[in-house]
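Thanks for coming. I will go through one model today, starting with the ligand site and then moving out to the sheets. Here is the structure.

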Amino acid sequence: MNSSLALSLATFIYGLSSVFYIGSFAFKKQILAKPGFIVLVIGFLSNTAGIIIRWIESHQMGYGYAPFSNMYESLVFFSWAIAVLYIFVELKYKENIIGMFATPLIFLAIAYASLSPDISSKISPLIPALKSNWLIAHVITCFLGYAGFALAFGFSIIYFVKSKNSDAASIFAKLPSWDLIDELTYQMVVFGFLFLTIGIITGAVWANSAWGTYWSWDPKETWSLITWFIYAIFLHLRMMRGWHGKNLAWVSIIGFMAVMFTYFGVNFLLSGLHSYG
Amino acid sequence: MKKNQTIPELIWQFFSSVKLAVYTLVLLAATSVIGTIILQNGTPQQYLREYGAAVYNVIKVFNIDDMYRAWWFLALLVILCINIVVCSIERLSTTWKIIFPKKIKFNPDRFRKQKNLETYSVNKNAPTLYNDYETLLSKTIGKVIKEETQTGAIMYAESGRWTRMGVYVVHLSIILLLIGALIGSFFGFKANLNLDEGATSDTAFIAKKREPVNIGFSIRCNDFNVKFYDTGAPEEFKSNLTIIENGKESFTKDILVNHPLRYKGINIFQSSYGSGKPDIVVFDIIRQSDKSVTSQTIKIGEEIQLPDAQGLFKLQGFLPHYDFRGNNLGEAFIGKITFKDAKEIQIAIPIKFPTFDKMRKGTFAFVAKEFEQKYYTGLQITKDPGVWYVYAGFILMIIGCWITFFMSHQSLFIEIEKIDENSSKISISGTTNRNNQGMKLKIKKIVTKLKDI
Ligand code: HEM
């Protein structure tokens with residue numbers, strides 16, 4: 001078993017899990033969501049194994065670094081983070097159909113990592129600036145944050161799929177109530193906000209230990225701050241202005257667009273210190 | 001809006017609104033985008049080439065070439081700060097009364113109408129349940145207030161009143177961050193210093209402006225080393241530095257990327273490196289007619305005799321980037337040949353292109369054979385007395401967010417009503433200042449536990 005095999009397997013299994021969840025919704029068969037969950041957990045284990053094996057492989061090649069250091073590895077970890085968070089949500093809230101709005105994201109992230117020709121899965125040595133424990137803390141917390149926002153985005157979509165009072169016979173009736181979606185979206189944003197905050201902070205501490213400045217308005221830093229502002233706006237609108245439902249869902253969707261731009265757009269369109277996601 | 005408000009009252013009201021906070025944050029997010037698209041701290045020529053004269057004027061007027069330090073951007077941050085302070089003062093007195101009430105009161109009717117109310121009945125006499133219920137409630141939530149009613153009893157317990165302070169901690173942390181940033185920008189600097197191996201200096205140059213700044217002590221670079229991976233990528237840079245104060249050597253330390261030296265408020269970082277000029281070079285001098293080779297060791301600045309007394313060669317210097325008709329040929333030595341007839345020519349000997357000098361088609365061709373590779377170390381030198389405020393802000397922000405997001409003020413209410421001697425009706429509900437869904441789940445959990453008793 002090598003890491004790329006485990007990760008290809010995880011990609012395939014996550015895809016299968018999405019099929020189950022979407023099927024359970026499309027055919028109004030809640031029973032299908034059960035195997036969907038089991039398959040998801042198997043995919044998650046394979047994903048975890050892939051990350052651990054890659055870690056070991058990097059040591060065997062003599063480079064020895066934690067596998068969170070380039071675009072490929074960050075995407076694989078992004079999938080892992082969304083998966084672990086979603087598994088937790090499903091277990092806690094006992095709602096399974098919402099997996100339809102989560103599993104495709106898990107699948108897409110890891111599939112993009114494996115399939116895009118622009119992203120190399122080669123294990124290559126780290127440049128000196130990346131050799132820092134702060135880097136590991138930075139990447140892990142940022143991506144946990146992104147995972148929270150990804151799920152908030154997925155759940156926000158439900159507002160546009162399900163009308164406020166869909167009648168019991170329609171296939172949308174199986175989706176959770178607006179109250180619950182609101183709660184779920186909020187919890188995910190809160191989780192994302194906390195971890196993005198810690199992510200930005202660990203990044204700043206790392207920059208301060210590597211370059212002597214904790215903030216240099218590098219495009220990636222600036223975009224993560226923009227993202228952070230947008231979710232701060234989300235929290236205040238919800239707390240103080242009483243925004244709910246679709247209006248707030250838009251803010252969460254815009255926030256996730258900012259996350260995606262911070263992650264990919266900055267790398268492909270702007271230049272700066274960050275060589276990867 | 002109330003009538004007859006004085007101007008200060010209106011200003012206070014303006015700054016106490018959360019609406020202003022939302023607008024300010026939207027403006028901060030939107031304008032921050034500009035600086036990631038338009039080049040920052042470029043030269044006038046760069047802007048003129050990229051955008052033309054008209055746009056450049058706009059850029060100049062609004063300081064968009066250095067927008068994160070522009071007056072209007074700083075004004076937005078100041079508004080945010082005033083907004084936070086005023087808003088916090090406004091609300092603190094109310095929150096304070098909630099957090100430290102004279103006496104904890106609760107309204108049973110409010111709990112009886114909660115959406116999350118759960119009811120069930122048990123086949124036991126009401127008073128026999130009191131003790132067990134009270135114990136469980138005090139174990140899962142906190143101290144229990146119990147009151148007897150005509151039909152039975154009500155119990156109330158709560159926890160986490162103080163967590164309502166969390167938001168204030170978050171907002172305070174933002175103020176600390178901005179204060180720290182302000183101190184840093186007034187009393188700190190960020191400078192660069194390139195030191196050849198063996199060289200000493202006490203002056204660095206402010207990044208961007210290239211102004212000299214005195215560090216307060218001298219730094220000598222004793223040695224610089226770079227290690228490469230098999231792939232050719234750099235693995236590690238290391239400088240061995242000695243700090244010299246008042247002419248005396250103070251101490252010596254190695255610095256690496258990510259492992260800086262911090263001394264007297266000054267931080268010294270390994271940031272880059274480059275080739276310095278070698279002292280001694282061994283050249284092969286090839287006579288073109290018969291390809292015979294003579295080796296010669298020369299110091300920079302030294303002059304030697306050419307073979308067969310054909311003239312003199314002076315090694316003048318070293319160029320890190322030799323430019324040949326617009327091509328960068330990399331590191332090269334520069335020398336001058338003076339022939340017997342007093343004719344002089346200038347020659348270049350690029351290290352990476354050993355056949356380059358042959359193309360000159362002179363009597364002799366020079367090849368740089370051996371030399372000691374010397375480096376200079378690129379140090380970044382910074383001072384930031386505000387960093388501790390910023391770090392304190394970081395810690396408070398994480399703690400504050402944790403409290404606000406994951407802890408809450410929860411109250412739980414249980415009513416036990418007697419139906420008859422052998423059965424009672426139980427009602428449970430709760431309130432919380434956040435996470436209603438979590439409360440609902442918690443009540444369900446407590447119900448199953450209570451039913452087990
Ligand atoms: C970057 C700036 C800011 C950040 C990161 C921030 C962060 C937060 C957070 C995390 C919460 C808790 C939200 C929740 O419970 O879901 C909050 C609540 C709040 N914020 Fe801010 N805030 C900022 C600026 C402001 C400003 C400028 C004001 C000025 C009016 C403000 C007023 C409030 C109020 C009134 C609350 C609700 C407090 C309560 O629950 O009693 N915030 N803020």
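In the side chain of Arg91(B), an N or O atom lies 2.8 Å from an oxygen atom of the ligand. I call that a polar contact, meaning a pair of N or O atoms within 3.5 Å; within protein, one must be able to donate a hydrogen and the other to accept it, and residues adjacent in sequence count only if both atoms are side-chain atoms. Before going on, the ground rules: this is a predicted model, local features need pLDDT of at least 70, side-chain atom pairs count only at pLDDT 80 or more, and totals for chains, interfaces and linings use all residues. Residues are numbered from 1 along each chain as its sequence is written, chains are lettered from A and ligands numbered from 1 in the order in which they are written, and side-chain values use heavy atoms, with hydrogens and water left out.

Back to the ligand. Arg434(B) also has a side-chain N or O atom by a ligand oxygen, at 2.2 Å. On the chain A side, a polar side-chain atom of His236(A) is 2.6 Å from a ligand nitrogen.

Two side chains in helices are worth a look. Thr36(B) sits in helix α2 of chain B, and its side chain reaches the backbone oxygen of Val33(B) at 2.7 Å. Thr36(B) is buried, at 7% relative accessible area. The cut-offs are under 20% for buried and over 50% for exposed, with partly exposed in between, using a 1.4 Å probe and protein chains only. In chain A, Ser58(A) belongs to helix α2 (residues 33–60). Ser58(A) is buried at 1%, and its side chain reaches the backbone oxygen of Trp55(A) at 2.9 Å.

Now the domains of chain B. Domain 1 is 16–99, domain 2 is 110–160 + 410–452, domain 3 is 189–276 + 376–383 and domain 4 is 280–371; the bounds come from an automatic or database domain assignment. The C-alpha centres of domains 1 and 4 of chain B are 58 Å apart.

On to the sheets. Five strands of chain B make an open antiparallel sheet in the order β1-β22-β21-β3-β2. Its edges are β1 (118–122) and β2 (144–148), each with a single partner strand, so one side of each has no neighbour in the sheet. Neighbouring strands are turned by 15° against each other on average, direction ignored. Axes are lines fitted to C-alpha atoms, for helices over the stretch in contact, and angles run from 0 to 180 degrees between N-to-C directions. Two strands pair if DSSP finds at least two bridges between them. Five bridges connect β1(B) with β22 (residues 423–432) of chain B, and Glu118(B) has Ile428(B) as its bridge partner.

β11 (residues 280–287) of chain B and β12(B) pair over eight bridges, with Val281(B) opposite Ile298(B).

Last, the hairpin of β7(B) and β8(B). Two residues lie between these strands, and Asn246(B) in the turn has a positive phi of about 45°. Eight bridges join β7(B) to β8 (residues 248–256) of chain B, and Thr242(B) stands opposite Thr252(B). Glu236(B) is in β7 (residues 234–245) of chain B and is partly exposed at 25%.

Notes
Helices (H or I, at least four residues) and strands (E, at least two) are DSSP runs, numbered from the N terminus.
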